Amino acid sequence: MNILKKIGIGVVLILTTITANAEFKSLTQSEIKCLTNLAYYEARGESTKGMIATIYVALNRVKDSRFPSTPCKVIAQKNQFSWYGKGYTVKEPELYERSKAVVRDVLNGKHVDYSRGATFFNSHHKTPVKGAVCTTRIGGHSFYKKDVK
């Protein structure tokens, strides 16, 4: 890939991140806590990049009309996240604080969408819904999106 194409892709990613995160600046503390719980329970053992990608899956769903309109509603969808509603408690406070800091940084536009627009992820490396394509693999997770045609 030539250097101008790489620069162009980088600029698009940065502008997309700034635009995307502007709409999430007004999230309530409750919504931020939902994202923090998602990051902690789904990606606490992943790299920061993997945690960021996981957070972006929820944010990408919020922007997609096929999904609920808030992070908490996205996360509460039936059969989407195995930990949700099970009454789990935080057993690693330092990792929870890390999750909280990463969520804050994502919402403040400090990170690009490493998931590449994904609306699904899993650790099974199998397509979660018919027609979805893998956008990237980070750590133990594969990320997928299904475009509307």
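Because the model is predicted, local features need pLDDT of at least 70 and side-chain atom pairs count only at pLDDT 80 or more, while totals for chains, interfaces and linings use all residues. Residues are numbered from 1 along each chain as its sequence is written, and side-chain values use heavy atoms, with hydrogens and water left out.

The secondary structure of the protein comes to five helices and three strands, where helices (H or I, at least four residues) and strands (E, at least two) are DSSP runs numbered from the N terminus. Read along the sequence, these elements follow the pattern α-α-α-α-α-β-β-β. Of the 149 residues, 42% count as buried; here buried means under 20% relative accessible area, exposed means over 50%, and partly exposed lies in between, with a 1.4 Å probe and protein chains only.

A search of the whole structure finds one disulfide, formed by cysteine 34 and cysteine 72, whose sulfur atoms are 2.0 Å apart. The pair links distant parts of the chain, with cysteine 34 in helix α2 and cysteine 72 in helix α4, 38 residues apart. The link of cysteine 34 and cysteine 72 is right-handed, with 100° about the S-S bond. Cysteine 34 counts as buried at 17% relative accessibility, and cysteine 72 counts as buried at 16%, whereas cysteine 134 counts as partly exposed at 39%.

Charged side chains come next. Side chains of opposite charge can pair when their charged atoms come close, and a salt bridge is defined as a side-chain nitrogen of Lys or Arg within 4 Å of a carboxyl oxygen of Asp or Glu. The structure holds four salt bridges, and one of them joins aspartate 64 to arginine 66, with the closest N and O atoms 2.5 Å apart. Aspartate 64 is buried, with a relative accessible area of 14%, while arginine 66 is partly exposed at 39%. Another salt bridge joins lysine 100 to glutamate 97, with the closest N and O atoms 3.4 Å apart; because these two residues are three residues apart in helix α5 (residues 93-107), they are separated by about one helical turn. Lysine 100 is partly exposed at 34% relative accessibility, and glutamate 97 is partly exposed at 45%. The side chains of lysine 110 and aspartate 105 also meet in a salt bridge, at 3.9 Å from N to O, in which lysine 110 is exposed at 58% relative accessible area but aspartate 105 is buried at 18%.

From these contacts the reader can turn to the loops. Asparagine 79 is found in the loop between α4 and α5, and its phi is near 60°, a positive value in a residue other than glycine. Asparagine 79 counts as exposed at 72% relative accessibility. Histidine 125 lies in the loop between β1 and β2 (133-138) and has a positive phi of about 60° although it is not a glycine. On a 1 Å grid over the protein atoms alone, a pocket is an open set of points where a 1.4 Å probe fits, with protein on both sides within 12 Å along at least five of seven lines, and lining residues have an atom within 4 Å of a point. About 310 Å³ of space lies in the largest pocket, a volume being the space filled by probe spheres set on points joined across faces, edges and corners. Of its 15 lining residues, Glu42, Gln80, Phe121, Asn122 and His124 are the closest to its centre. The largest share of the lining, three residues, comes from β1.

Methods. Disulfide = S-S within 2.5 Å.
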